[in-house]
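The sequence and model follow.

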Amino acid sequence: MTAAYRALPPNKIPDATPQLNALQRVDGAIGTAVLTVVLDDQLRHRPTPAGEVGRFGITFLRALAITIAAAIPAILLAHTERRVLRRAHASKPGEAADTSH
């Protein structure tokens, strides 16, 4: 989110904030609905108590996989942004180039 706000001119941030908030709420609801459908589908295959426990585990593993899949590009984006900011800072005239961070 910080990268998204940083790319905007300051006068556009008040317009972007409610849009980003709405997007996060809708995406959270969609993700919850998808995982609920996956869990419901899993529970239909094993209606016994022992089978239900295993199916909950499978559903939580899928949620973990989705989280990891989303975290990887976020980490790469943060790393790339830091590198670009360091280069921009180093290329400013009159300032010492400190790239040891």
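## Terms and basis

A contact, or touch, is taken here as heavy atoms within 4.5 Å of one another. By that criterion, and leaving out residues up to four places away in sequence, Phe56 touches Leu39 and Leu43.

The model is predicted, so local features need pLDDT of at least 70 and side-chain atom pairs count only at pLDDT 80 or more, while totals for chains, interfaces and linings use all residues. Residues are numbered from 1 along each chain as its sequence is written, and side-chain values use heavy atoms, with hydrogens and water left out.

## Overall make-up

The protein has three helices and zero strands, and along the sequence these follow the pattern α-α-α. Helices (H or I, at least four residues) and strands (E, at least two) are DSSP runs, numbered from the N terminus. Of the contacts with a separation of 6 or more, 21% are accounted for by residues 24 or more positions apart.

Buried residues make up 8% of the 101 residues, where buried means under 20% relative accessible area, exposed means over 50%, and partly exposed lies in between (1.4 Å probe, protein chains only).

## Helices H2 and H3

Helix H2 has 33 residues and reaches 48 Å from its first C-alpha to its last, close to the 48 Å expected at 1.5 Å a residue. Helix H3, with 42 residues, reaches 61 Å between its first and last C-alpha, close to an expected 62 Å. The expected span is 1.5 Å times one less than the number of residues in the helix.

In H2 the buried residues are Ala16, Val38, Leu39 and Gln42, and in H3 they are Gly51, Arg55, Thr59 and Ala63. What covers the buried residues of H3 includes H2.

Thr59 has its place in helix H3 and counts as buried because its relative accessible area is 6%. Not counting residues up to four places away in sequence, Thr59 touches Leu35, Val38, Leu39 and Gln42.

Phe56 also lies in helix H3, but its relative accessible area of 35% makes Phe56 partly exposed. The C-alpha atoms of Phe56 and Val38 are separated by 9.7 Å, the two residues being 18 residues apart along the chain.

The side chains of Asp40 and Arg44 meet in a salt bridge, at 2.8 Å from N to O. Because Asp40 and Arg44 are four residues apart in helix H2 (residues 13-45), they are separated by about one helical turn. Asp40 is partly exposed at 35% relative accessible area, whereas Arg44 is exposed at 62%.

## A nonpolar surface patch

Leu61, Leu64, Ile68, Ile72 and Leu76 make a nonpolar surface patch of about 490 Å². Patches are made of residues with over 30% relative accessible area and no salt bridge, like charges being joined within 9 Å and nonpolar side chains (Val, Leu, Ile, Met, Phe, Trp, Tyr) within 5 Å. Ile68 is found in helix H3 (residues 49-90), and with 45% relative accessibility Ile68 counts as partly exposed.

How values were computed. Accessible areas come from the Shrake-Rupley method with a 1.4 Å probe; for residues, only the protein chains shown count as cover. A salt bridge is a side-chain nitrogen of Lys or Arg within 4 Å of a carboxyl oxygen of Asp or Glu.
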